Structures are given as C-alpha cells and as structure tokens.
Amino acid sequence: MRGVFCKKEHNSQLEIRAFSPYILHMQTALHILALVEELRRNIVGTTIVATEFYKKERSAYLFFKGSKSRLALGFIYHPHGSGVFLVPASKVKITTREKPWPVFNLRDTVITDVEQMGFDRIFHISIQQQDSHATIVFEALGQHGNMWLLDKDNYITATLRKRDFKSGQVYTPPQPPCGIPPYELTQETLQRLLEENEGTPLVRILEKNLLGFNFTLTRELIYRVGNPSAPLTAEQREDIVNTAHTLAARFRIAETGYLYHIKDKLEVYPMKLTCIDEQPEKFKSLSLAVQYMCSVRQDQVEQESEQKKIRQAVNRAVKRLEKRLQ
C-alpha cells in the first residue's frame, strides 16, 4: 500500500541491504520511474520485431522498431550486475556463444502503454497482437527479477524464469516495500517520523522511510538542506520536504545519466550530486549509464574470480614445493 508505515518489515529490509553488496546499488523505484517515463516517450506505438533470451547470461532483450529508430529493452538479472534499460539496438553487444531463445512469442506485437505498478521496482508493458491484448510484467528486483506474460484478465500464461504456476492463476505482484513515495512527503508526515524515531540520525530516518531513496540519495538530500540537526525548525522541515520533491522530480524528467564510483561501487543518477567531490562519467541517457554499470560490474566480478583462481593455483603449487623441500 502507498504511504503506509511498516516498521518491522522495513527494518528487516534494511538489515538485508546491510549484508548484501548488490542490493544497495540496484535500481530503485525512482530509477524505474525514470525508465517508465523514457519507455512511454520512445516505445509506445512501436512494434516488437525480435526477442532474445540468454539463460546462462541471465539476460533478455526486446527489440522495437519505430518510425525513426530501432531500440532495445535490456532486462539483466545477473547477481553481479543487474538492471533494466532502454538503449539503441546498436548498443547491445552480445559476446556469448549461447543460442538465444525467443521470449513469449512477442514478435509483431504493438506497444500500447507502459506503467509503473504503484511506487515499486515493477512495471508492465501493454501489448496488442491482432485482436488480442496482453501484458508483460517486469519485476526489476535484481538477481530475483523475472518477467511474466499475462492475458487481458491478468491470468499468467508464461514466465521467463522457471517458476511454478497453475493454469488460470491470477498474477500477484511481490509484497511492496513499506514507506512513503517521496512526492507524498509532507511536513506533518516528516514530524511524525521524527517523533517516532527520536534519537535516530535524520539520514537514517529518511533512508528507511522514503521509497526510492538509498543512502547516497538521502545523503544528497541532507547535504542540500545544510546538514540540519535536531530539533528541526518548521523552516528546515519545509526545506527537507521541498528538496525531496525536487530530487524525485529529476527522475521523472531524466535526460542524462551520471555514473559515480562510491566506495568501490557504481551508482547512477539523472543529475550531478553535490555531496560528492569527484566528477562523474556522463552519458546521453540514464539507461546508457545503467547498461554500462551492469557491464562493468560483471566484468569486475569475473576478473576478481579469475584472479582468485590464479592465486589459489599458485598457493597450491607453493604448498607442493614446500612439501618436496621438507
């Protein structure tokens, strides 16, 4: 439900994030908001001309043909670099020798609408194939992500990943996260949060309760309002609320993407961050930055894995030589 406080559940989510190196740096609900706006501008009215699913690579692509260009929607659920992005088809570089499989028999379907489900990392694309209407649901949940095909009555007809479902089963989205969409934050709500979390740092209160705000974005909010300390004045509360609205609005009108290296991790945003001194890498779109982030992260992990194997092989050789010397 939107605008609902769920302390217990949200605390458990925060604990999970603290121990997972990937969850914190995935796309948030705000990133999906930006993607949905981009999809509406670019693919509504286009036709799906090809689909490719690489099971071992944990990635799927839908290719759209419009009047002027050919675009690709990438859906990556790799544990070392996940993300969803819309890029020119020419930007998709497939290096695997794995044979691609078609996705849901979607060829020659026309895109009629795109919508984010609530304020979560889930969105759906409405399609029409001749006289038949259907919906593709994208759960952009990192390595746990999935795609579903639903008929006009929301009954599941297919799934990208092997999940059990019964014939005639209605699609039920995952339990939405607890918190408040940033554009619904008010001074009264903020004051209530402060009272319920007395003694907790402001950055933690906002990160736990503002949907789509990870630690970095919450830090940016606090920095822009001058790092206020408790107790907050009415003017400071108003400044925090307005700044939260402003930052959230930047995702709705995202035109460029900025990639940051933050504590050896990669994060992307549609604007420059004032709380970080380093100059980010700039991309023509937020989606291009997300695509690059996924690719680099996977390459880094593969390189680290290869180095680990080499070190283990060297250590085994050293131990064998030590035994021979003895």
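In the predicted model, the secondary structure of the protein chain comprises 7 helices and 12 strands. Of the 326 residues in the chain, 48% are buried. The accessible surface amounts to about 18100 Å², and carbon and sulfur atoms contribute 49% of that area. Among contacts with a separation of 6 or more, 54% are formed by residues 24 or more positions apart.

Helix H2 spans residues 29-42 and contains 14 residues. The distance from its first C-alpha to its last is 20 Å, close to the 20 Å expected at 1.5 Å a residue. The helix is mostly covered, with 11 of its 14 residues buried. The buried positions run through Ala 29, Leu 30, His 31, Ile 32, Leu 33, Ala 34, Leu 35, Val 36, Glu 37, Glu 38 and Leu 39.

Two packed helices are described by the angle between their axes and the distance between the axes. For helix H3 (residues 187-196) and helix H4 (residues 202-209), the angle is about 115° and the axes lie 11 Å apart. The crossing of H3 and H4 is right-handed. On the H3 side, the contact involves Leu 190, Leu 193 and Leu 194; these residues meet Leu 202, Ile 205, Leu 206 and Asn 209 of H4. By residue class, the contact of H3 with H4 consists of 6 nonpolar residues and 1 polar residue, with no charged residues.

Terms used: Residues numbered from 1 in each chain as written. Predicted model: local features only at pLDDT ≥ 70, side-chain atom pairs only at ≥ 80, totals over all residues. Heavy atoms only, no water. Helix = DSSP H or I, 4+ residues; strand = E, 2+ residues; numbered from the N terminus. Expected span 1.5 Å × (residues − 1). Buried < 20%, exposed > 50% of the residue type's maximum accessible area, 1.4 Å probe, protein only. Axes fitted to C-alpha atoms, helices over the stretch in contact; angles between N-to-C directions. Left-handed = near helix turned anticlockwise from the far one by under 90°. Contact = heavy atoms within 4.5 Å. Nonpolar A, V, L, I, M, F, W, Y, C, P; charged D, E, K, R; others polar. Areas by Shrake-Rupley, 256 points an atom, 1.4 Å probe, with all protein chains shown as cover.
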